[in-house]
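Thanks for passing this one along.

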Amino acid sequence: MAISHLVTKVLGLAAAACMTLFFALPAAAQQSNQYTMQEIVDTGHSFFGETSGGLAKLVERAFESYGLPNGYILGQEGSGAFVAGLTYGEGTLNTKNAGQHSVFWQGPSLGLDWGGQGSRTMMLVYNLPNVDSLYDRFGGVSGSAYIIAGLGMQVNVNRDIVLVPIRTGVGARLGINAGYLKLTRQPTWNPF
């Protein structure tokens, strides 16, 4: 009787361990396609170079708000505004499970905004189910206040997908605006 009770207990523990392992594997697999804060900070420092003094603070704020990204875009953009504005950019989407893909973005904005800038941009990408979902419009609000150079962060959203562009740029820009970024596979002059 004691041996059958012991065998039953061991089999129960083994079943519980198997169930725990079975349900833990998908969570571990999900984590493997996401980037850690250290990976993003290291990539940002090598991409932005010497102007990345406040980068770690901006990345930390994004991670606190949105968690681990499952992709990021490195690129450059130019924008200008006098009440109404336009932004054009190009870069490469990096993912752990789907590789690298070219991406272009353009978009209009409207607000109390004046000036122009050229920026190096790192966009953190959250909740991206597949690469095709990236090629869409992402709305957001942006603010800028710098002369010569600056570092800033913005949030753009489309359904569950969140883009967090972190920019360092040169130029003169002051204001706040609302608009969207349209991400495409090919370059286009049409921001709409």
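Is Asp136 exposed, partly exposed or buried? With a relative accessibility of 25%, Asp136 counts as partly exposed. Here buried means under 20% relative accessible area, exposed means over 50%, and partly exposed is in between, using a 1.4 Å probe and protein chains only.

1. **What you are looking at.** This is a predicted model, in which local features need pLDDT of at least 70 and side-chain atom pairs count only at pLDDT 80 or more, while totals for chains, interfaces and linings use all residues. Residues are numbered from 1 along each chain as its sequence is written, and side-chain values use heavy atoms, with hydrogens and water left out.

2. **Overall layout.** The protein has three helices and five strands, and from the N terminus on they run α-α-α-β-β-β-β-β. Helices (H or I, at least four residues) and strands (E, at least two) are DSSP runs, numbered from the N terminus. Of the 192 residues, 41% count as buried.

3. **The core.** A nonpolar core is a set of buried Ala, Val, Leu, Ile, Met, Phe, Trp, Tyr and Cys residues joined through side-chain atoms within 4.5 Å. The largest one has 18 residues, and Ile40, Val59, Leu124, Tyr126 and Ile166 have the most contacts inside it. Two or more residues of this core come from each of α2, α3 (55-66), β1, β2 and β5 (161-184). Helix α3 gives the largest share, five residues.

4. **Asp136 and its partner.** Let us go back to the opening residue. Asp136 and Arg159 meet through their side chains in a salt bridge, at 3.4 Å from N to O. The term stands for a side-chain nitrogen of Lys or Arg within 4 Å of a carboxyl oxygen of Asp or Glu. This pair links distant parts of the chain, with Arg159 in the loop between β4 (155-158) and β5 and Asp136 in the loop between β2 and β3, 23 residues apart. Arg159 counts as exposed, at 59% relative accessibility.

5. **Another bridge from the β2-β3 loop.** A search of the whole structure finds five salt bridges. One of them joins the side chains of Arg185 and Asp132 at 2.6 Å, N to O. Arg185 lies in the segment after β5 and Asp132 in the loop between β2 and β3, so the pair ties together parts that are 53 residues apart in sequence. Asp132 is exposed at 52% relative accessibility, and Arg185 is partly exposed at 44%.

6. **Lys96 and its two contacts.** Lys96 forms a salt bridge with Glu39, where the closest N and O atoms are 3.1 Å apart. Lys96 is in the loop between β1 and β2 and Glu39 in helix α2, so to speak distant parts of the chain, 57 residues apart. Both residues are partly exposed: Lys96 has 38% relative accessibility, and Glu39 has 30%. The charged end of Lys96 also sits over the ring of Tyr35, 5.0 Å from its centre. For this, NZ of Lys or CZ of Arg must be within 6 Å of the ring centre and within 35 degrees of the ring normal. Arg120 has such a contact with Phe47, its charged end sitting over the ring 4.1 Å from the centre.

7. **Aromatic pairs.** Rings of Phe, Tyr and Trp (its six-membered ring) pair if their centres lie within 6.5 Å; planes under 30 degrees apart count as stacked, over 60 as edge-to-face and the rest as tilted. The count by this rule is five aromatic pairs. Tyr35 and Tyr72 form an edge-to-face pair, 5.0 Å centre to centre with 75° between the planes. Tyr35 lies in the loop between α1 (2-32) and α2 (37-48) and Tyr72 in strand β1, so the pair ties together parts that are 37 residues apart in sequence. Tyr35 and Tyr72 are buried.

8. **A nonpolar surface patch.** Phe82, Val83, Leu110, Leu112, Trp114, Val141 and Ile176 form this patch, with about 740 Å² of accessible area together. Patches are made of residues with over 30% relative accessible area and no salt bridge: like charges are joined within 9 Å, nonpolar side chains (Val, Leu, Ile, Met, Phe, Trp, Tyr) within 5 Å. Strand β2 gives the most, with three residues. Val141 lies in strand β3 (residues 137-153) and is exposed at 52% relative accessible area.

Note on methods:
Areas by Shrake-Rupley, 256 points an atom, 1.4 Å probe, with all protein chains shown as cover.
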